[in-house]
Amino acid sequence: MYRDVSSCNTYNYGDALYWDARYVQEAESFDWYQHYSSLRPFVRRYIPTSSRVLMVGCGNALMSENMVEDGYENITNIDISSVAIDIMRRKYEHVHQLNYMEMDARDMSFFPDKSFDAVVDKGTLDSLMCGSDASISSVRMLGEVSRLLKPGGIYMLITYGDPKVRMPHLTRSIYNWKIILYIIPRPGFEKPGGSSSNSHLEPVPISDTGVLPADFVLEDPDSHFIYVCKKMDETTEVSDISSYPLIADAL
């Protein structure tokens, strides 16, 4: 494992100019990593449909549209690319549940503290980790996410970054996040022999330093990791965030 910088290429994924050029060339919708159908059990378990949701680095993905179709009522979408935001504003101008704003996830000062019940991040932290000044960018973004979450709110991070490289960023005491980890195979992955399993719907035990159980083996070596981070406060008990197995059709 330990996939992080080794998964980056020479592009500066933290640069708006890179993304503007990319969205000019690739205007068709694209979802990074996983489609909503695969993420739905986790989203529905931890984020109520009445939540005020912030989608950071929305790009031109269908994720937010799919969530609205699934009953979500209020999703603010931000992206550093003005091209992507212009495309999405025009596409969804009549969908009142969706709002699109050009904004850098490292500076979301437009929003007051404790503005959102949930923040969803599908690849945005990864992009910043592949950009220049990665460590500074990640601290700035995660600090903003923490600031914007209401007490009890959820930061759901979908990433290729395994626990050894992500937990050190997520476990800073200033965030005060209780973290639950799920690991899911990449789309289209099939276990040897064609057998299937719902084991990815069960949380994986993890230490604050990112150590997985000694006997844990990834079904798919290119799995994706879902970190469910709940913002704690003095009145929130650790037991308040459930970690029991999900079911595929969780509502």
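Predicted model: local features only at pLDDT ≥ 70, side-chain atom pairs only at ≥ 80, totals over all residues.
Phe 111 and Phe 116 are both buried, where buried means under 20% relative accessible area with a 1.4 Å probe and protein chains only. Their ring centres lie 5.1 Å apart with the planes at 85°, so the pair is edge-to-face; rings of Phe, Tyr and Trp (its six-membered ring) pair if their centres lie within 6.5 Å, and planes under 30 degrees apart count as stacked, over 60 as edge-to-face and the rest as tilted. Over the ring of Phe 116 sits the charged end of Arg 52, 4.4 Å from the centre, the rule being CZ of Arg or NZ of Lys within 6 Å of the ring centre and within 35 degrees of the ring normal.

Residues are numbered from 1 along each chain as its sequence is written, and side-chain values use heavy atoms, leaving out hydrogens and water.

By the ring rule the count comes to nine aromatic pairs. Among them, Tyr 46 and Tyr 182 form a tilted pair, 6.2 Å centre to centre with 55° between the planes. Because Tyr 46 lies in helix H2 and Tyr 182 in strand S6, this pair ties together parts that are 136 residues apart in sequence; helices (H or I, at least four residues) and strands (E, at least two) are DSSP runs, numbered from the N terminus. Tyr 46 is buried at 8% relative accessible area, and Tyr 182 is buried at 0%.

Helix H2 itself, residues 36-46, is mostly covered, with eight of its 11 residues buried.

Note on methods. Buried < 20%, exposed > 50% of the residue type's maximum accessible area, 1.4 Å probe, protein only.
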